[in-house]
Amino acid sequence: MSGDWLGLSGKTVVVTGAGGGIGRSMAVNFAKAGARIVLLDRSEAEANESASDVRQAGGAAHVAACDVSDPQSVAAAAAVSLAAFGPADILVNNAALLRPGSLDTLSFAEWNALLSVNLTGYFLCAQAFGAQMRAKGGGAIVHVASISGSHPQAASGAYSVSKAGIIMLSRQIAVEWGPSGVRSNVVSPGMVETPMSRPFYETPGVREKRSAVVPMRRIAQPQDMADAALFLASERASYVTGEEILVDGGYGRMIMNMIPRPG
């Protein structure tokens, strides 16, 4: 078996939201597979922290501050990426917001603020970096959605709507850009422990109760999402496009087990 079984060595990988838990894990694990990483995040400081981890893993890293909801910011980041490492081979669309709120009281501004990052931002980045892929004859896009894209998450504002939109955006990209050699797929996490969510899991009883409804009996780590993304972006998935991988430990298949039964 080849040492570069995934075929990612020397590839240019762009990761949005690279300063956070899942984004940072994506960046580091692609670097371990031999890729060169362009890290995009609104927080340049957090992106630089992730870049340091990438370099410690032996990878090449370049940081570009980017607001994915701003077309000019995305265009500028695409130009910086092109100058640093050449055309993108892989885009990991990961940047996202979560703003709680019930639909009956959610303001128009809050609705738009979340969709502009979680959905429009994915479109803008796919368009900018997808153009580089099509120009060179191919590439792969991996979008990070959520199990809530298929199962509505109440009191979370536009979050579930945005994640459902990502799944359809990916399918449309797969159909439209497939003839140009561009593949588009989705990783949908279930419950994931990240630096942002970790304090919640430290609340007594929360980890145990949530783990109990997952067949694998554990909460996911960012590494679990990175492993799925590496496969979808790799040559091993060269005939996979327009698909979604649920990375939730089987949680989405538990509905019948939650129905009370006699005895």
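# Why these labels?

Visitor: Why is Arg217 called exposed?
Guide: Arg217 has a relative accessible area of 51%. Exposed means over 50%, buried means under 20%, and partly exposed lies in between, with a 1.4 Å probe and protein chains only. The value for Arg217 is 51%, so the label is exposed.

Visitor: What kind of model is this, and how is it read?
Guide: The model is predicted; local features need pLDDT of at least 70, side-chain atom pairs count only at pLDDT 80 or more, and totals for chains, interfaces and linings use all residues. Residues are numbered from 1 along each chain as its sequence is written, and side-chain values use heavy atoms, with hydrogens and water left out.

Visitor: Where is Arg217, and what is its phi?
Guide: Arg217 is in the loop between helix 8 (206–212) and helix 9 (222–233). Its phi is near 60 degrees, a positive value in a residue other than glycine. Most residues other than glycine have a negative phi.

Visitor: Why does Ala155 count as partly exposed?
Guide: The relative accessibility of Ala155 is 48%. Ala155 sits in the loop between strand 5 and helix 6. Its phi is positive, about 60 degrees, although Ala155 is not a glycine.

Visitor: How do you know what span to expect for helix 2?
Guide: The expected span is 1.5 Å times one less than the number of residues. For helix 2 that gives 18 Å, and the distance from its first C-alpha to its last is 18 Å.

Visitor: What puts the buried residues of helix 2 on the same side?
Guide: They are Ala47, Ser50, Ala51 and Val54. The arc is that of the directions from the helix axis to the C-beta atoms. These residues cover an arc of only 105 degrees, and therefore lie on the same side of helix 2. On the other side, Ala45 and Gln56 are exposed. After helix 2 comes Gly58, with a positive phi near 95 degrees.

Visitor: What do the buried residues of helix 2 pack against?
Guide: They pack against helix 1 (21–32), strand 2 and strand 3. Contact means heavy atoms within 4.5 Å.

Visitor: Why is Ser81 called buried?
Guide: Its relative accessible area is 0%. Ser81 is in helix 3. Leaving aside neighbours within four places in sequence, Ser81 contacts Val14, Val38, Gly86 and Phe129.

Visitor: What makes strand 4 (residues 90–93) and strand 5 a pair?
Guide: Two strands pair if DSSP finds at least two bridges between them. Strands 4 and 5 are joined by 4 bridges and run parallel, so they pair. Ile90 stands opposite Ala140, and Asn93 opposite His143.

Visitor: How many bridges join strand 5 to strand 6 (residues 182–189)?
Guide: There are 6, and the strands run parallel. The bridge partner of His143 in strand 6 is Val186.

Visitor: How many residues of strand 5 (residues 139–144) are buried?
Guide: The count is 6 of 6. Gly139, Ile141 and His143 point one way, and Ala140, Val142 and Val144 the other.

Visitor: What makes a crossover right-handed?
Guide: With the strands pointing away from the viewer, the path from the first strand over the helix to the second runs clockwise. Strand 5, helix 6 (residues 159–177) and strand 6 form such a right-handed β-α-β unit.

Visitor: What is the strand order of the sheet, and which strands are its edges?
Guide: The open sheet has 7 strands in the order 3-2-1-4-5-6-7, with parallel pairing. Its edges are strand 3 (61–65) and strand 7 (244–247), each pairing on one side only. Neighbouring strands are turned by 15 degrees against each other on average, direction ignored.

Visitor: Which strands does helix 6 touch, and at what angle to strand 6?
Guide: Helix 6 packs on the sheet and touches strands 5, 6 and 7, its direction making about 160 degrees with that of strand 6. Axes are lines fitted to C-alpha atoms, for helices over the stretch in contact, and angles run from 0 to 180 degrees between N-to-C directions.

Methods: Helices (H or I, at least four residues) and strands (E, at least two) are DSSP runs, numbered from the N terminus.
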